[in-house]
Amino acid sequence: MRAPIGLLVCLVTVSAAAAPPTDEALAAHATALVRRLDGQGFTVLVEPPFVLVGDEAPAKLRQRAQTVRWTRELLRRDFFGADPDRVLEVWLFKDERSYRRGAKHYFGDEPNTPYGYYSSDHDALVMNIGPGAGTLVHEVVHPYVEANFPDAPSWFNEGLASLYERPTEKKGHIWGLPNWRLPNLKKQITDRTLPGMAKLLGTSRDEFYNAEFDAYAYARYLLLYLQEQGKLTAFYQKFVADKTDPTGRAALEDVLGEKLETFEPRWRKWAVALKGDNH
């Protein structure tokens with residue numbers, strides 16, 4: 001799956017990525033999809049740099065397009081200097097049943113999540129939009145991380161995407177609110193089953209996705225803390241620029257002004273005391 005307070009420093013990543021798809025390329029891709037899906041109950045529309053495909057009513061898909069536009073504008077304002085460099089499809093299925101059926105029929109996939117996922121191989125974001133727009137915002141983050149920070153570890157990629165599962169806007173910036181992942185994080189902290197933060201930062205892709213602890217929640221609330229302190233964008237910039245530490249630990253300690261050994265106990269107390277975990 002692949003849904004606020006402080007002043008964020010507004011920096012933009014300079015990327016050497018190829019140019020995003022042209023309006024002509026997007027229109028041609030949309031036209032081809034309309035022909036391919038004729039009579040199958042889908043609406044297709046262009047929302048640069050994406051082509052949206054949905055089995056909801058056309059008016060609902062236009063609302064989803066507005067969400068994509070809002071997400072793109074705010075993500076680029078605080079983090080990303082480049083759009084994805086190819087046409088990406090965003091498939092929005094109205095419920096879990098149609099999502100699983102569509103993922104299998106159109107992509108040969110059997111999703112391991114009821115929410116959605118980003119497939120770089122298929123150039124597609126595929127999701128069950130039934131639970132709400134948080135899933136859509138989450139998934140849109142992934143191709144932007146791929147385009148601007150291709151070496152990002154999974155903990156950061158999924159942590160940033162998960163941060164915006166419950167998004168709002170604050171003073172012109174995208175802002176993640178506490179959500180349903182918090183109770184499990186609190187439980188693992190109080191049960192003393194959550195490993196040290198260095199372990200999270202050092203996880204490989206497989207280690208992150210197969211972790212025995214709640215790696216998504218851990219990463220999300222680490223980044224939410226940085227957001228609350230007005231340090232998230234600065235951390236991202238330092239992390240991207242640091243070519244010697246792929247884990248992000250050095251960048252994190254730099255923006256915090258302290259070592260993990262002193263920061264982590266304070267972060268755990270902060271997370272346990274955090275409110276607003278019922279969404």
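Two strands pair if DSSP finds at least two bridges between them. Strands (E, at least two residues) and helices (H or I, at least four) are DSSP runs, numbered from the N terminus. The exercises concern a predicted model, in which local features need pLDDT of at least 70 and side-chain atom pairs count only at pLDDT 80 or more, while totals for chains, interfaces and linings use all residues. Residues are numbered from 1 along each chain as its sequence is written, and side-chain values use heavy atoms, with hydrogens and water left out.

**Exercise 1.** Determine which strands pair with S5, and in which sense.

*Solution.* Begin with strand S3 (residues 88-93), which is joined to S5 by five bridges and runs parallel with it; in this pairing Trp91 stands opposite Val126 of S5. Turn next to strand S4 (residues 116-119), which pairs with S5 in the antiparallel sense over four bridges, with Ser119 opposite Ala124 of S5. Finally, inspect the hairpin of S4 and S5, which has four residues between the strands and in which Asp123 takes a positive phi near 50 degrees.

**Exercise 2.** Decide whether the residues of strand S5 (residues 124-128) are buried or exposed.

*Solution.* Apply the cut-offs under 20% relative accessible area for buried, over 50% for exposed, and partly exposed in between, with a 1.4 Å probe and protein chains only. On one side Ala124, Val126 and Asn128 are buried, and on the other Leu125 and Met127 are buried, which leaves both faces of S5 covered. Five of the five residues are thus buried, so S5 is largely enclosed by the rest of the structure.

**Exercise 3.** Describe how helix H9 (residues 215-228) is placed against helix H11 (residues 249-256).

*Solution.* Take the axes as lines fitted to C-alpha atoms, for helices over the stretch in contact, with angles running from 0 to 180 degrees between N-to-C directions. The axes of H9 and H11 come within 12 Å and cross at roughly 30 degrees. Because angles under 35 degrees count as roughly parallel, over 145 as roughly antiparallel, 65 to 115 as roughly perpendicular and the rest as oblique, H9 and H11 are therefore roughly parallel to each other. The contact (heavy atoms within 4.5 Å) is made by Leu222, Tyr225 and Leu226 of H9 together with Leu252, Val255 and Leu256 of H11.

**Exercise 4.** Carry out the corresponding analysis for helix H6 (residues 182-190) and helix H12 (residues 260-273).

*Solution.* The axes of H6 and H12 come within 9 Å and cross at roughly 130 degrees, and the two helices are therefore oblique to each other. From H6 the contact draws on Leu182, Leu185, Lys186, Ile189 and Thr190, and from H12 on Trp267, Arg268, Ala271 and Val272.
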